[in-house]
Amino acid sequence: MTLQRRATLYLLVVMLGQLLLLGAMFCLLLISDNLAAEAKKSRDLIFKGTLLAGHMFDGSKTLGLYVLSHTKATEALHLNAVARYKESMDRFQTLATGMPQYQEPMTLLREDTDELIEIMALVKKIVDDTPMHLMAKKDSHRLQALATVAIPTLISRSRKHMKTIIDSQDKATNEARAQKMRNMLELVIAAGALLNVFGCFALITAFSNRITNRLDVLRCNALLLSSGEPLKPLVQGSDEISKLDKFFHNTAAVLNAATTRDQIILSSIPIGIIILAPDTSIQFANPTFENMTRFSKDELKDKFLRFFFPDATNISTLAGLAPLLETVTHSSLTTRDGPALEAEFSFASYTEDDNSFIVCSILDVSARHEIERLKREFVNIVSQDLRTPLTSVQSSLEKVKAGDYGLLNQKGIITVERSQRECNRLIRLVADLLTITKIESGKLSLELAATSIQSVMERSAASVRPFADHRQLHLEVDAPHGDLEADEDRLVQVFINLLSNAIKYSPARSTIKFRGEFDHDNLRIEVIDHGCGIPAEARERIFERFGQASSNDAITGTGLGLTIAKMIVEGHKGKIGVDSEEGNGSVFWILLPLHRA
């Protein structure tokens with residue numbers, strides 16, 4: 001049940017209690033009104049009965065006056081008294097209508113009243129019809145019987161009937177019942193109001209406690225979720241709170257799975273990872289770093305970065321590491337009891353709860369450096385061992401070709417020339433391997449000096465021009481005037497390599513452009529040919545060792561020229577690249593700074 005439905009249910013209960021209270025109050029009010037009406041009717045009945053008795057006596061009294069005086073005035077008084085008597089009787093009877101308990105005495109009272117009025121009318125008629133001087137003689141006995149017997153008897157009986165009706169109206173009882181009912185109504189109102197207040201308070205308290213308790217569990221689970229601790233049991237129900245708590249539990253399950261996965265990854269990757277606090281102390285270290293340094297997790301908690309990273313000896317805050325962010329630094333890594341490891345350090349920062357931290361990744365490159373060292377030694381040994389024999393072979397082939405050992409036929413000459421080309425290629429390969437080895441080991445230093453751009457470009461073009469003429473190609477040079485800080489011989493080596501490649505792959509009678517231009521504080525050199533172009537998949541590897549764009553056997557090369565060119569250009573803090581489309585030629589470009597920082 002949702003919170004809205006639950007609140008609506010509680011509200012309906014409160015409204016039902018209100019309606020029941022109002023219904024009870026309405027019923028009691030009706031009963032009280034009925035009792036009050038009955039009490040009023042009782043008072044009116046007593047009052048009307050008293051008036052009826054008075055009018056009855058007035059009628060008999062005025063009749064006696066009229067009998068004695070027999071005058072118009074007394075007649076009028078009598079007639080008025082009788083009329084009031086009749087009117088009072090009608091009102092008294094009307095007032096008693098609807099009261100079954102008064103039906104019998106009221107009927108008797110009505111009969112006696114009608115009979116009394118008839119007798120008074122008869123007495124008046126006798127008086128009216130008999131002269132005054134004959135009254136005593138003619139109807140004196142009859143008149144005396146009516147006046148002294150019939151009328152008093154009827155009056156006595158009427159009084160008795162009225163007394164019966166009036167006595168049954170216990171005014172005090174009715175008023176007491178009405179008052180009691182009013183008191184009961186007041187009590188019910190007060191009790192209902194209190195019950196309503198306490199009921200509402202109880203419902204609100206129950207609803208509030210239920211919501212508060214569930215919200216408290218929800219709050220605790222939110223805090224536990226943020227801290228990565230196990231959550232309290234799931235809040236039962238189907239309302240919004242239970243759905244939100246279920247979402248928290250699902251999120252916790254996802255986070256736990258992600259944490260477990262991250263822990264597995266951190267434990268299995270061959271890279272040491274540490275997290276540094278603002279004071280460069282180690283807050284976290286993965287198992288790989290523990291194995292690399294041979295320190296336990298507890299021992300690492302008291303260590304600072306400067307203990308392991310010699311370049312951070314004077315760094316005690318994260319701000320001091322700012323220059324190293326997003327870079328890779330080669331340095332040694334201190335271990336517990338073994339030799340320092342050759343390692344690559346990389347740093348990245350992040351913020352958590354307004355606190356800055358740095359993640360440091362350490363890659364052990366000792367084995368890689370050892371392999372490279374062995375490789376360089378092997379290349380040096382092989383190159384040295386090959387250079388002398390190859391030179392001797394080259395010299396012997398030249399003598400054979402010159403006829404020092406006898407004349408050769410045409411087939412022999414072709415075979416010797418082929419052998420010379422292969423020998424020259426091997427000599428160049430050995431020279432290139434030695435050059436790469438020197439560059440990688442740092443033994444090949446660049447002799448930087450102010451160099452004329454026009455001179456170095458013209459010199460390079462002159463070196464390859466015979467080759468271009470032999471291939472029937474036109475070499476167009478556009479060299480700007482100016483100087484740059486560079487090693488002229490090494491630049492000539494790079495330019496000759498690019499021009500030679502352009503000549504090899506360009507069709508006969510085409511033009512090769514060799515031009516330079518200033519681009520802000522840089523010099524841009526371009527070698528443009530109209531050859532076969534370079535496939536997209538080959539552009540990524542042509543600057544790698546032995547990476548060639550073409551597999552054409554007719555075009556020979558060591559596969560190291562562009563690799564050496566890239567190393568030399570990068571040694572000048574420059575960049576080298578190629579823009580090409582297969583079938584539409586290529587543009588090899590070099591970007592060199594005019595002045596080194």
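1. Helices, of at least four residues, and strands, of at least two, are runs assigned by DSSP and numbered from the N terminus. The model under review is a predicted one.

2. Overall composition. The chain contains 15 helices and 12 strands. Of its 597 residues, 35% are buried. When contacts between residues at least 6 apart in sequence are considered, 64% of them join residues at least 24 apart.

3. The five-stranded sheet. An open sheet is formed by 5 strands, in the order S7-S9-S10-S12-S11, with mixed pairing. Its edges are strand S7 (474–478) and strand S11 (575–580), each of which pairs on one side only. On average, and with direction ignored, neighbouring strands of this sheet are turned by 15 degrees against each other.

4. Strand S10 (residues 522–529) and strand S12 (residues 586–593) run antiparallel and are joined by 8 bridges. Within this pair, Ile525 has Ile590 of S12 as its bridge partner. Helix H15 (residues 561–571) lies across S11 and S12, and its direction is at about 135 degrees to S11.

5. The cavity. How many cavities of 30 Å³ or more does the structure hold? The number is 1. Helix H13 (453–470), helix H14 (488–505) and S10 each contribute at least two lining residues, and H13 gives the most, with 3 residues.

6. The second largest pocket. This pocket has a volume of about 330 Å³. Its lining comprises 14 residues, and those nearest the centre are Thr259, Asp262, Gln263, Leu266 and Phe284. Two or more residues of the lining come from each of helix H6 (171–227), helix H7 (240–268), strand S2 (282–285) and helix H8 (287–293). Which element supplies the largest share of this lining? That element is H7, with 5 residues. The classes represented are 5 nonpolar, 6 polar and 3 charged residues.

7. Thr288 is placed in helix H8, one of the elements that give two or more residues to the lining of the second largest pocket. Is Thr288 buried or exposed? Thr288 counts as buried because its relative accessibility is 12%, and the limit for a buried residue is under 20%. Apart from neighbours within four places in sequence, Thr288 is in contact with Leu266, Ser267, Ile269, Pro270, Ile271 and Gly272. Among these, Ser267 is 21 residues away along the chain, yet its C-alpha atom is separated from that of Thr288 by 6.4 Å. Leu266, another of the contacts, is listed among the residues nearest the centre of the second largest pocket.

Key. Residues are numbered from 1 along each chain as its sequence is written. This is a predicted model: local features need pLDDT of at least 70, side-chain atom pairs count only at pLDDT 80 or more; totals for chains, interfaces and linings use all residues. Side-chain values use heavy atoms; hydrogens and water are left out. Two strands pair if DSSP finds at least two bridges between them. Axes are lines fitted to C-alpha atoms, for helices over the stretch in contact, and angles run from 0 to 180 degrees between N-to-C directions. Contact means heavy atoms within 4.5 Å. On a 1 Å grid over the protein atoms alone, a cavity is a set of points where a 1.4 Å probe fits but cannot get out, and a pocket is an open set with protein on both sides within 12 Å along at least five of seven lines; lining residues have an atom within 4 Å of a point. Grid points are joined across faces, edges and corners, and a volume is the space filled by probe spheres set on the points. Ala, Val, Leu, Ile, Met, Phe, Trp, Tyr, Cys and Pro count as nonpolar, Asp, Glu, Lys and Arg as charged, and the others, Gly among them, as polar. Buried means under 20% relative accessible area, exposed over 50%, partly exposed in between (1.4 Å probe, protein chains only).
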